[in-house]
Amino acid sequence: MRFGILAHPAGHSLSPAIFGKFFKTSGVDATYEIFDIEPSGLSEFIMKVKSDGGIKGLSVSSPYKEEIMKFLDEISPDARMIGAVNTVSCEGGKLRGFNTDYVGAVVALKEKIADLKGKKVVVLGAGGASRAIVYGLLKEGAEVCLLNRTVGKAKMVADHFGISYGDLGEIMKHECDILIQTTSVLIDIPVGFFKKGMVVMDIVYKPLITPLLTKAGKAGCEIITGDRMLLHQAEGQFEIWFGRKVPIGM
Ligand code: ATR
């Protein structure tokens with residue numbers, strides 16, 4: 001069985017190492033490759049996956065999480081609501097799309113906070129990762145406010161989910177129990193925002209300790225590094241492809 005990550009560029013991906021471990025620990029006979037496909041070759045690649053039959057699943061990363069959707073035969077309600085697919089299963093020439101990013105984020109948060117219900121969360125960024133995380137937080141009953149550099153984009157996402165929004169530059173007007181940085185850049189915010197006991201998660205995992213997390217840690221916040229969400233979204237993908245959980249203790 002062949003699996004792999006579809007992305008561009010994809011050279012820096014940690015997914016082959018994660019799945020290599022998963023496959024070994026769970027005793028499945030499978031390989032995990034990097035499919036670094038140029039945008040101009042996406043359509044041809046997907047047709048090959050459909051007709052070939054050897055590739056059983058894809059992890060989908062930037063910049064294809066939205067574009068992949070038009071090639072799929074089925075899309076899960078979660079992925080449709082989020083508007084992005086990070087997981088594809090291929091069976092009998094049929095491609096099905098799912099989203100495990102939101103599960104990954106929620107599981108990573110729950111390693112620090114057992115119950116997210118009623119928690120005030122500020123989410124930074126309004127891209128695909130942000131939409132998945134907002135979806136997961138709302139499912140858990142959290143109260144979410146979205147802040148973005150481009151306020152119009154924050155409004156679009158906020159209106160879709162029925163949450164509040166604002167300008168990233170005015171972050172000091174907001175308060176929260178949990179802060180989640182969902183953009184792919186190293187966002188910096190004023191140190192005065194951090195309060196002791198606040199939980200701060202950054203989805204960037206290179207570097208693992210981002211400048212935001214360093215500041216938060218110094219201010220007495222609990223920090224969650226980006227590798228936690230990456231690991232847990234991969235566990236969700238394994239479950240979709242193999243119909244069982246990754247062995248505990250990875
Ligand atoms: P993804 O799908 O990976 O989440 P994306 O859709 O490209 O990423 O979205 C990128 C997010 O990062 C956006 O919220 C973007 O803000 P804008 O909507 O204002 O562009 C945010 N972003 C990117 N570069 C940024 C920067 N230098 N400062 C602040 N936000 C930034």
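The expected span of a helix is 1.5 Å times one less than its number of residues. The structure in these views is a predicted model.

**View 1. Helix α8 and its surroundings.** Helix α8 comprises residues 226-242, 17 residues in total. From its first C-alpha to its last it reaches 25 Å, close to the expected 24 Å. Of these 17 residues, 12 are buried, so α8 is largely enclosed by the rest of the structure. Among the buried residues are Met229, Leu230, Leu231, Phe238, Trp241 and Phe242. Gly243 follows α8 and has a positive phi, near 70°.

View 2. Helix α2 spans residues 42-52, and its buried residues are Leu42, Phe45, Ile46 and Val49. These residues cover an arc of only 95° around the axis, which puts them on the same side of α2. An α-helix has 3.6 residues a turn, so residues three or four places apart point the same way. The face turned away from the buried side of α2 carries the exposed residues Glu44, Lys48 and Ser51.

**View 3. Packing and the end of helix α2.** The buried residues of α2 pack against the strands β1, β2 (31-36), β3 (55-60), β5 (87-91) and β6 (94-98). Just after α2, Gly53 adopts a positive phi of about 85°.

View 4. The bond from His8 to Pro9 is cis, with omega near -5°. Pro9 lies in the loop between β1 (2-7) and α1 (15-26).

View 5. The bond from Lys206 to Pro207 is cis, with omega near 5°. Pro207 is located in the loop between β11 (199-202) and α7 (211-218).

Terms used. Residues are numbered from 1 along each chain as its sequence is written. This is a predicted model: local features need pLDDT of at least 70, side-chain atom pairs count only at pLDDT 80 or more; totals for chains, interfaces and linings use all residues. Side-chain values use heavy atoms; hydrogens and water are left out. Helices (H or I, at least four residues) and strands (E, at least two) are DSSP runs, numbered from the N terminus. Buried means under 20% relative accessible area, exposed over 50%, partly exposed in between (1.4 Å probe, protein chains only). The arc is that of the directions from the helix axis to the C-beta atoms. Contact means heavy atoms within 4.5 Å.
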